[in-house]
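Thanks for coming. Please have it open on your screens.

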Amino acid sequence: MSTTTLEPSIESRVHYLNVSYGIKSWLLTTDHKRIALLYLVSITLMFFVGGSAAVLMRLHLIEPTGALVEPETYNKLFSMHGIIMIFFFLIPSIPATLGNFLVPMMIGARDLAFPRVNLLSWYVYIVGALLTLSGIIAGGVDTGWTFYPPYSSNYSHTHVMLVAFGVFVSGFSSILTGFNFIVTIHKMRAPGLTWFRLPLFIWAMYATSVIQVLGTPVVAVTIALLALERLFHVGIFDPKLGGDPILFQHLFWFYSHPAVYIMILPGMGVVSELVTCFSRKRIFGYRIIAFSSVAIAVVGFLVWGHHMFVSGQSVYAGLIFSVLSFAVAIPSAIKVFNWTATLYKGSISYDAPMLYALGFIGLFTMGGVTGLFLASMAVDVHVHDTYFVIAHFHYIMVGGAVMAYLGGIHFWWPKITGRMYPDGWARFAALVIFVGFNLTFFPQYMLGYLGMPRRYAVYPPEFQVLNVMSSAGASILGIGYLIPLIYLTWSMRYGPLAGPNPWGAKGLEWQTPSPPPTENFEETPVVTEEAYAYSKEEA
Amino acid sequence: MSEHQATSGVLDPLAHQFDDLEQQHEASYFGMWIFLATEIMFFGGMFAGYTIYRHEYFSAFEAGSRLLDWRFGAANTAVLICSSLTMALAVRAAQMGQRKALITFLLLTIVLGMAFLGIKFTFEWTRDWHEHIVPGINFAPQGETLKQLQDAKVALPHVELFMFFYFAMTGFHALHMIVGIGLLTVLTIMANQGRFSPQRFNPVEGSGLYWHFVDIVWIFLFPLLYLIGGTH
Amino acid sequence: MWSGFPLRPDQASTIAEGFDHLFYFETAVAIFFAVLIFSTIFYFAVKYRRRSPDERPAEIEGSLALELTWTLIPAALCAIMFYWGSSLYFTNSRPPTAALEVFVVGKQWMWHLQHAEGPREINELHVPVGRPIKLTMTSEDVIHDFFVPAFRVKHDVVPGQYYSIWFQATKIGKYHFFCAQYCGAQHSSMIGWVYVMSEVDYEKWLTGGVRNVSMAQSGAQLYQKLACITCHGTGRAPAFNGIYGKPVKLTTGQTVTVDDAYIRESIIEPSAKIVDGYNPIMPTFKGQVSEEELLQLIAFIKSLGTEETKVAKP
């Protein structure tokens with residue numbers, strides 16, 4: 001342990017943050033760690049834009065007749081919330097920030113295989129985000145994030161083209177990231193780092209990248225066809241001109257269901273790292289967790305039709321999609337059981353990242369078991385397109401992916417910035433978020449079961465009590481997200497120095513100083529043991 | 001370090017993140033295949049749509065296919081196959097370190113690519129415009145064309161749908177050709193500056209893969225668009 | 001205050017009864033696993049909390065027996081839910097033959113409904129209790145979705161297509177129906193009420209209003225008005241008698257069944273599927289007949305008899 005709490009050491013040593021200064025040194029960087037920070041800032045901005053839309057929606061729904069805005073505006077708010085949160089926050093969240101920062105370090109490489117492609121992907125993301133934001137500023141879009149025709153192609157009078165084009169462009173940023181990771185993980189592992197010695201985060205990123213590379217182009221071409229239809233009034237999806245609107249739904253969900261796994265698989269990877277570190281245990285069932293990530297990625301491509309049980313697809317197609325949807329639940333369940341078993345006879349500490357990880361396991365379980373309702377066709381008929389679905393995917397996406405993202409940020413923050421944040425505040429924030437989240441979304445399961453459809457600007461009065469509960473939770477949740485923003489920013493300057501490995505964690509990224517030097521390691525590490533060898537004594 | 005990387009990366013025979021040239025070569029070659037997997041899915045979405053409507057509006061698609069002039073398609077197929085050959089020869093020349101041959105074959109490939117686009121844009125699409133069979137903007141078949149469609153007893157909107165697929169698929173294909181020609185132009189300039197050697201020719205090899213891929217897409221497009229109507 | 005806070009939706013149809021059994025089963029499974037995971041995590045987190053900073057727990061490799069247990073038990077439960085959910089779905093998606101028919105057209109942003117007997121309604125649907133009702137639905141513009149929570153039925157209403165749902169109400173009362181597929185500005189106002197009435201009340205309601213013209217009769221009037229009669233049945237175009245539900249051969253050699261979708265297509269896009277032996281001379285009626293009139297024409301053609309029961313009428 002070379003670094004203690006000696007103040008000057010961090011300043012005197014050259015690392016990736018102080019190697020060069022000025023705007024240009026950031027905007028033209030090809031260092032994966034700096035690009036990760038560029039992404040971190042961008043997606044954080046987008047998160048708060050999308051989040052404020054959500055807060056407005058929840059405030060509006062306090063009254064059955066709508067407390068705040070006209071239905072037209074409400075429709076734009078939920079569309080904006082969905083589009084920004086999915087395409088500009090959740091999909092890039094863990095891969096583009098933590099993944100970008102950690103993939104090369106975890107495998108002992110100096111950078112990703114294609115550093116300039118990596119920078120390009122950020123610029124592509126920014127162009128996509130600016131296009132979408134300009135569409136929103138110009139007046140917004142009211143199609144929902146799903147862009148279903150013929151509404152989106154022939155009926156909506158809002159800025160569909162601009163926003164859809166932004167989404168189209170941002171897809172390529174996702175493709176480039178996935179492409180870079182696949183090549184890097186295949187070709188650039190350090191000596192001795194075999195596939196089954198890789199941290200499970202890398203397995204998860206690998207599975208994610210496969211989906212990004214194979215799924216995203218399909219939604220790109222689908223959106224392109226939709227744009228051509230809107231522009232030239234040809235009837236590829238419009239039934240009035242011989243087209244089939246159901247075809248759009250097939251193509252759209254062919255990407256957008258696997259996209260859910262782009263969001264959650266990296267979270268599962270993060271949780272595997274956190275649970276092992278804070279219980280000082282080797283992961284229970286390493287290979288099974290690794291293979292379950294791959295299984296989820298593969299089977300996840302074959303379940304899209306469960307979004308269409310009531311849309312008019314054949315009942316026999318529905319049968320196949322239903323059985324495959326149940327099948328994809330099983331590897332997820334296996335992961336949950338293995339994480340839980342990892343705790344058994346461990347040495348469990350309650351640091352903030354661990355609280356997020358435990359929160360993840362619980363909330364993901366609830367999101368997962370409610371997914372079973374949606375996979376069984378007869379039940380889906382009733383809860384489809386109601387708040388039940390909203391609650392289900394927020395339990396997965398917010399309770400799952402965002403909790404894991406925050407846990408990961410808290411875990412690797414000392415590595416990224418070289419400084420610690422105030423632990424008490426971090427645990428407090430984790431608790432506030434957990435409570436606020438459940439208060440927001442649990443009532444929505446009940447609302448959906450009672451029959452309240454989603455995307456309703458006004459609703460019958462019997463649903464009011466649950467809606468008010470949900471709105472109250474949302475305000476707690478909103479505050480919960482602001483707390484880390486404040487203390488993490490504070491810690492960048494005033495936090496105590498962290499040292500190379502404050503958690504006593506395994507993994508190559510902890511064997512280099514914090515913040516790491518530009519090329520990550522002084523010399524390429526050689527790996528001689530399996531991941532998570534926590535029972536071995538510290539060197 | 002990073003600044004050096006940004007300005008002179010192309011010149012470096014070995015980028016800093018790789019251990020040796022072999023690793024760098026393998027990474028770029030493998031990367032190209034991953035990229036092509038993305039491309040296959042991109043075109044795959046359109047092929048899926050095509051398949052569904054072809055099944056749904058079988059005779060309209062056949063009639064639509066007969067509106068196209070298969071001779072343009074056939075000529076372009078020949079042009080593209082030749083260009084794949086010259087591209088392969090260019091890669092071989094790069095491998096052998098024959099700079100002159102490399103430049104010649106790259107230029108030949110560019111010329112053939114331009115010929116393809118020339119036939120497509122100036123002859124074929126112009127003809128389609130005059131025949132009023134451009135979907136969305138100018139779709140109002142007249143005279144002979146209209147009679148032909150009426151004889152085939154097919155609904156005009158369904159023929160328009162076929163024409164839409166024809167323009168969307170060949171349009172995206174042509175876009176890929178334009179990108180390819182751009183790539184080859186850059187390669188030619190780099191070759192002229194002597195930046196390739198038998199040790200480092202990844203960009204030529206990668207662009208070659210891309211060019212062959214675009215070619216193969218056309219090999220599928222040609223029969224599916226021009227030939228499904230049977231004899232004329 | 002809790003009167004405005006229901007925990008369960010009304011259960012008012014035969015489908016709802018079957019649904020609720022499965023839903024309760026799945027809720028039980030969900031609660032079991034959620035409680036299992038939450039309590040295990042909590043128990044482990046307390047019991048194995050770190051007691052000293054340099055504590056090193058012993059290594060545990062994993063266990064095949066455990067892995068198999070927690071793979072096979074969830075798999076078995078999933079298999080049960082899959083079988084149960086699918087068989088119920090199949091039953092629910094087949095309307096009984098003796099159902100009363102109601103035709104539904106969704107448009108931005110209202111529901112037009114017409115009973116086969118003639119009465120029309122907007123955003124309201126009156127049905128008798130204890131009899132199967134079949135709704136045949138289509139849309140004039142974008143995709144809508146007809147959803148009755150108390151009956152647990154829902155289906156997208158797609159322009160250019162006919163989809164059917166059915167239900168048999170079990171409880172007299174007044175229940176919400178919603179549009180569940182986002183359809184534009186006033187999506188959330190596209191809601192209405194189903195009135196489930198006793199058989200007697202329903203009969204009263206049916207005959208109570210103005211003199212009813214059944215849908216088939218309206219269709220017959222349209223048949224005259226649109227001058228279909230000049231060709232159909234004269235040899236220039238196929239006759240309608242007894243044609244409904246029957247397979248016909250097309251000029252392309254394919255065979256189609258004369259159903260709602262085929263009749264609709266033949267009016268809107270006459271040249272798409274021509275019956276063998278005829279010429280494509282019929283003009284399109286696209287834009288001239290509304291979705292509701294289309295449904296009336298279909299009801300008329302249907303009333304001319306199906307394959308089994310040929311009725312010789314106009």
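How are α4(A) and α5(A) oriented to each other, roughly parallel or roughly antiparallel? Before I answer, the ground rules. This is a predicted model, so local features need pLDDT of at least 70 and side-chain atom pairs count only at pLDDT 80 or more, while totals for chains, interfaces and linings use all residues. Residues are numbered from 1 along each chain as its sequence is written, with chains lettered from A and ligands numbered from 1 in the order in which they are written.

Now the answer. Helix α4 of chain A, residues 71-106, packs on helix α5 of chain A, residues 115-137, at an angle of about 165°, and their axes are 12 Å apart. Axes here are lines fitted to C-alpha atoms, for helices over the stretch in contact, and angles run from 0 to 180 degrees between N-to-C directions. α4(A) and α5(A) are therefore roughly antiparallel; the cut-offs are under 35 degrees for roughly parallel, over 145 for roughly antiparallel, 65 to 115 for roughly perpendicular, and oblique for the rest. The crossing of α4(A) past α5(A) is left-handed, that is, the near helix is turned anticlockwise from the far one by less than a right angle, with clockwise being right-handed. On the α4(A) side the contact uses Met80(A), Ile83(A), Phe88(A), Pro92(A) and Asn100(A). From α5(A) come Asn118(A), Tyr125(A), Ala129(A), Thr132(A) and Ile136(A). Contact means that C-beta atoms, placed from the backbone, lie within 7 Å. By class, the contact of α4(A) with α5(A) has 7 nonpolar, 3 polar and no charged residues. Nonpolar covers Ala, Val, Leu, Ile, Met, Phe, Trp, Tyr, Cys and Pro; charged covers Asp, Glu, Lys and Arg; the others, Gly among them, are polar.

The contact of α12(A) with α1(C) divides into 14 nonpolar, 3 polar and 1 charged.

Which element of chain C gives the most to the side that touches chain A? The contact as a whole takes 73 residues from chain C and 73 from chain A. α2(C) gives the most to that side of chain C, with 16 residues. The side of chain C that touches chain A has 43 nonpolar, 18 polar and 12 charged residues. Between chains B and C, 4 residues of chain B are in contact with 7 residues of chain C.

Last, the strands of chain C. An open, mixed sheet of 5 strands runs in the order β3-β2-β1-β5-β8. Helices (H or I, at least four residues) and strands (E, at least two) are DSSP runs, numbered from the N terminus, and two strands pair if DSSP finds at least two bridges between them. β3 (120-122) and β8 (163-168) of chain C are at the edges with a single partner strand each, so one side of each lacks a neighbour in the sheet. Twist averages 25° from one strand to the next. β1(C) and β2(C) run antiparallel, joined by 6 bridges; Gly106(C) has Trp111(C) as its bridge partner in β2(C). Elsewhere, 5 bridges join β9(C) to β10(C), also antiparallel, with Phe177(C) opposite Gly192(C).

Key. Two residues are in contact if their C-beta atoms, placed from the backbone, lie within 7 Å.
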